[in-house]
Amino acid sequence: MNLLERLNTSDRFANGIGAQLVEIREGYARAELTVEEKHLNGANVCQGGVMYTLADLAFAGVCNCHGTLTLGVNNSITFLKSGQLGEKIIAEAVEVLDHHKLPYCEIKVRNEQGELLAVMTGLGYRLKKDFEFDSLM
């Protein structure tokens, strides 16, 4: 099984809200989701936790592409604009530092028009455990 398939099936929470990884390359991952009624908060816009989960899924893709199980230990997100019903939102994660223990990434969440909705930084912790897959995609 490749990494994209593995994360899309094993991350049950992200899968349950409809978030899916669509691309993983070394140092880069992209996840997408279409905002549905179930994703709306009381203000009738995309709930922040949905955008966080999408960004976290992209973060998982980029951090785990080296074959070592990596978990997030410190993530910070800033919401800049609301996601709207029916919009596709896209999270792109870029590895800034491929540290052997503490990889660091930047993640941007945009709508399909390219408008920036949120920015997140992520610090991972690499466990002493292999994360096996056949290929990235």
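Trainee: How many of the seven residues of strand S2 (residues 28-34) are buried?

Mentor: This is a predicted model, in which local features need pLDDT of at least 70, side-chain atom pairs count only at pLDDT 80 or more, and totals for chains, interfaces and linings use all residues. Residues are numbered from 1 along each chain as its sequence is written, and side-chain values use heavy atoms, without hydrogens and water. Helices (H or I, at least four residues) and strands (E, at least two) are DSSP runs numbered from the N terminus, while buried means under 20% relative accessible area, exposed over 50% and partly exposed in between, with a 1.4 Å probe and protein chains only. Strand S2 is mostly covered, and its number of buried residues is five.

Trainee: Over how many bridges do S2 and strand S4 (residues 88-97) pair?

Mentor: Two strands pair if DSSP finds at least two bridges between them. In S4, alanine 91 is the bridge partner of alanine 31. S2 and S4 pair in the antiparallel sense, and the number of bridges is seven.

Trainee: Which glycine in the turn of the S1 and S2 hairpin has a positive phi?

Mentor: Strand S1 (residues 20-25) and S2 pair in the antiparallel sense over five bridges. Isoleucine 24 stands opposite alanine 29 in S2. The hairpin has two residues between its strands, and the residue in the turn with a positive phi of about 85 degrees is glycine 27.

Trainee: The charged end of arginine 25 sits over which ring?

Mentor: A charge sits over a ring if NZ of Lys or CZ of Arg is within 6 Å of the ring centre and within 35 degrees of the ring normal. The bridge partner of arginine 25 in S2 is tyrosine 28. The charged end of arginine 25 lies 4.2 Å from the ring centre, and the ring belongs to tyrosine 28.

Trainee: Why do the buried residues of H1 line one face of the helix?

Mentor: The buried residues of helix H1 (residues 3-10) are Leu3, Leu4, Leu7 and Asn8. Seen down the axis of H1, they line one face because the directions from the helix axis to their C-beta atoms fall within an arc of 125 degrees.

Trainee: Which elements do the buried residues of H1 pack against?

Mentor: Contact means heavy atoms within 4.5 Å. The buried residues of H1 pack against helix H2 (12-17), S1 and helix H3 (48-63).

Trainee: Which side chain makes a polar contact with the side chain of glutamate 95?

Mentor: Glutamate 95 is in strand S4 and is buried, with a relative accessible area of 16%. Not counting residues up to four places away in sequence, glutamate 95 touches Gly27, Val62, His66, Tyr104, Cys105 and Arg126. A polar contact is a pair of N or O atoms within 3.5 Å; within protein, one must be able to donate a hydrogen and the other to accept it, and residues adjacent in sequence count only if both atoms are side-chain atoms. At 2.9 Å, the side chain in polar contact with that of glutamate 95 is histidine 66.

Trainee: What separates the C-alpha atoms of glycine 72 and tyrosine 125?

Mentor: Glycine 72 is in strand S3 and counts as partly exposed at 44% relative accessibility. S3 (residues 68-79) runs antiparallel to strand S6 (residues 116-130), joined by 10 bridges. Leaving aside neighbours within four places in sequence, glycine 72 is in contact with Phe59, Leu123 and Gly124. Glycine 72 and tyrosine 125 are 53 residues apart along the chain, and their C-alpha atoms are separated by 6.2 Å.

Trainee: Which glycine takes a positive phi in the hairpin of S5 and S6?

Mentor: Strand S5 (residues 104-111) and S6 run antiparallel and are joined by seven bridges. In S6, valine 119 is the bridge partner of lysine 108. The hairpin has four residues between the strands, and the residue with a positive phi near 90 degrees is glycine 114.

Trainee: Is asparagine 44 buried or exposed?

Mentor: Asparagine 44 is found in the loop between S2 and H3. Although not a glycine, asparagine 44 has a positive phi of about 70 degrees. With a relative accessible area of 52%, asparagine 44 is exposed.
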